[in-house]
Amino acid sequence: MQGIYTLADAAQGEGNIFSMMLPFVLILLVFWLLFWRPNQKRRQQETQMQSSLVPGVEVMTKAGIYATVVEIHEQDVLLEISPGTRIRMLKAGIGEVITPAADDTPVEDRPDFGDDDKPKG
């Protein structure tokens, strides 16, 4: 009879270990869902953006410098930050590609619109 009680106590102890581990497992799951997974997605998007760079694209570096891509190498890019001023930077230093905003202003209202078509007089 004593052997049965020993087996029952051992089974109860194993169940107790699993119930103690459950909160730790849940905490790890929450950390993975809230922190690690979004960070992985952001890194993947950043890597994809950096590998799709082409010359002529305007970018903003992680330091906040606006520049135009001139040359692309394996690990770095050559950026022009002003006419005649170029810097070499790692691809990982590129923060985002700047896309020009669509200009909805009618052509006639733009300041660079010429007066050539208006009658003189």
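Residues are numbered from 1 along each chain as its sequence is written, and side-chain values use heavy atoms, with hydrogens and water left out. In this predicted model, local features need pLDDT of at least 70 and side-chain atom pairs count only at pLDDT 80 or more, whereas totals for chains, interfaces and linings use all residues.

Three salt bridges are present in the structure, a salt bridge being a side-chain nitrogen of Lys or Arg within 4 Å of a carboxyl oxygen of Asp or Glu. Side chains of opposite charge can pair when their charged atoms come close. One of the salt bridges joins E46 to K62, with 3.1 Å between the closest N and O atoms. This pair links distant parts of the chain, since E46 belongs to helix α1 (residues 2–51) and K62 to the loop between β1 (58–61) and β2 (66–72), 16 residues apart; helices (H or I, at least four residues) and strands (E, at least two) are DSSP runs, numbered from the N terminus. E46 is partly exposed, at a relative accessible area of 26%, while K62 is exposed, at 51%, where buried means under 20% relative accessible area, exposed over 50% and partly exposed in between (1.4 Å probe, protein chains only).

A further salt bridge is formed by R88 and D76, whose closest N and O atoms are 3.2 Å apart. R88 lies in strand β4 and D76 in strand β3 (residues 76–82), so the pair ties together parts that are twelve residues apart in sequence. With relative accessible areas of 68% for R88 and 14% for D76, the former residue counts as exposed and the latter as buried. In the salt bridge between E80 and R86, the closest N and O atoms are 4.0 Å apart; E80 is partly exposed, at 26% relative accessibility, and R86 is likewise partly exposed, at 46%.

K91 is located in the loop between β4 (85–90) and β5 (94–97) and is buried, its relative accessible area being 17%. When neighbours within four places in sequence are left aside, the residues in contact with K91 are Q50, I72, H73, E74, Q75, D76 and V77, contact meaning heavy atoms within 4.5 Å. Between K91 and T61, which are 30 residues apart in sequence, the C-alpha to C-alpha distance is 9.3 Å.
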